[in-house]
Amino acid sequence: INDKNIKNYVLFGDENFKIFNLNKLSLVKFSAEINKFINSNKLKKKNFLIFNFNPDQKIILIKTKNIQSSLENEKQGADLFNFIKLNSVLNLTFIEDNFKSIISKNKNFFNEVIHGAQLKSYKFDKYKTKKDSDKFEFNISGNKSLNNKKFNRYFSLIEGINMTKDLVSEPGNILHPDEYAKRLVNLKKLGLKITIYDQNKLKKLGMNALLGVGQGSIRGSYLVTMEWQGTNVKTKPVSFVG
């Protein structure tokens with residue numbers, strides 16, 4: 001990515017906001033200005049700093065502990081999402097040379113930070129008349145050291161978690177057993193083998209206790225089994241609405 005095309009830089013630093021590998025970044029020529037800003041703000045009890053680098057670009061600095069657990073990485077991502085949403089920063093670019101030294105020690109660091117941000121971005125606004133249309137875009141300048149297979153794993157987790165959240169957020173008069181079974185059938189397109197046992201099949205299987213629970217309802221009773229034997233998952237861009 002050309003520096004001129006970067007709208008907002010996101011840089012990781014230590015607990016004093018000293019930017020990791022600044023000497024390897026194109027921004028090193030502006031290190032005096034950047035350090036001046038950091039020194040005037042680093043004593044404030046904040047985990048994020050933001051300032052106008054020039055009229056068209058901002059820099060967001062993230063304070064990072066030397067060793068962070070997976071939970072701390074995800075929480076940092078969630079806090080970052082709250083921060084950029086509060087400051088209306090929609091387009092971010094992470095610089096690989098900045099965080100490469102972190103992932104050499106903590107190989108899942110970056111994926112977990114992004115995962116935390118995506119988890120925090122979830123909202124259920126399906127039935128709202130006016131929806132928040134802000135779209136947050138995360139870009140990576142240089143991706144040679146990132147593991148695409150792991151990225152796909154985290155993306156798949158987000159897809160599954162968000163679907164689960166959608167299901168539990170639906171009102172009962174919408175997501176009744178008939179509709180629930182119908183939606184699960186759609187998972188076939190992801191490679192899952194879906195088998196739906198309706199009332200007739202349940203009766204043949206002798207599942208009378210389950211049928212007894214639902215016999216007072218106008219809706220049917222179902223048991224759904226899902227079998228997964230694996231498939232290839234395509235990479236998708238890191239982009240989400242919040």
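A cavity here is a set of grid points where a 1.4 Å probe fits but cannot get out. This is a predicted model, and its structure holds one cavity of 30 Å³ or more. The largest cavity has a volume of about 40 Å³.

What lines the largest cavity? By class that makes four nonpolar residues, three polar ones and no charged ones. Both α4 and α5 (148-169) put at least two residues into this lining, and α4 gives the most, with four.

## α4, a buried helix

So much for the cavity; now to the helix itself. Of the 12 residues in α4, 10 are buried, so the helix is largely enclosed by the rest of the structure. The buried ones are F109, F110, N111, E112, V113, I114, H115, G116, A117 and Q118.

Does the length of α4 agree or disagree with what its residue count predicts? At 1.5 Å a residue, its 12 residues should span 16 Å, and the end C-alpha atoms sit 17 Å apart, which agrees.

## The nonpolar cores

The largest nonpolar core has 22 residues, and those with the most contacts inside it are F12, I60, I84, L92, F94 and F110. At least two residues of this core come from each of β1 (8-13), β3 (57-63), α2 (70-86), β4 (91-95), α3 (96-105), α4 (109-120) and β5 (135-141). Once again α4 gives the most, this time with five residues.

F94 is a handy place to start looking around. Setting aside its neighbours within four places in sequence, F94 is in contact with V10, F12, L80, F99, F110, I114, F138, N139, I140 and S141.

Most residues other than glycine have a negative phi. Two residues in the loop between β1 and α1 (31-41) are worth a look here. F17 has a positive phi of about 65 degrees although it is not a glycine, and N21, not a glycine either, has a positive phi of about 55 degrees.

Is F17 buried or exposed? Its relative accessibility is 1%, and buried means under 20%, so F17 counts as buried.

How values were computed. Residues are numbered from 1 along each chain as its sequence is written. This is a predicted model: local features need pLDDT of at least 70, side-chain atom pairs count only at pLDDT 80 or more; totals for chains, interfaces and linings use all residues. Side-chain values use heavy atoms; hydrogens and water are left out. A nonpolar core is a set of buried Ala, Val, Leu, Ile, Met, Phe, Trp, Tyr and Cys residues joined through side-chain atoms within 4.5 Å. Buried means under 20% relative accessible area, exposed over 50%, partly exposed in between (1.4 Å probe, protein chains only). Contact means heavy atoms within 4.5 Å. On a 1 Å grid over the protein atoms alone, a cavity is a set of points where a 1.4 Å probe fits but cannot get out, and a pocket is an open set with protein on both sides within 12 Å along at least five of seven lines; lining residues have an atom within 4 Å of a point. Grid points are joined across faces, edges and corners, and a volume is the space filled by probe spheres set on the points. Ala, Val, Leu, Ile, Met, Phe, Trp, Tyr, Cys and Pro count as nonpolar, Asp, Glu, Lys and Arg as charged, and the others, Gly among them, as polar. The expected span of a helix is 1.5 Å times one less than its number of residues.
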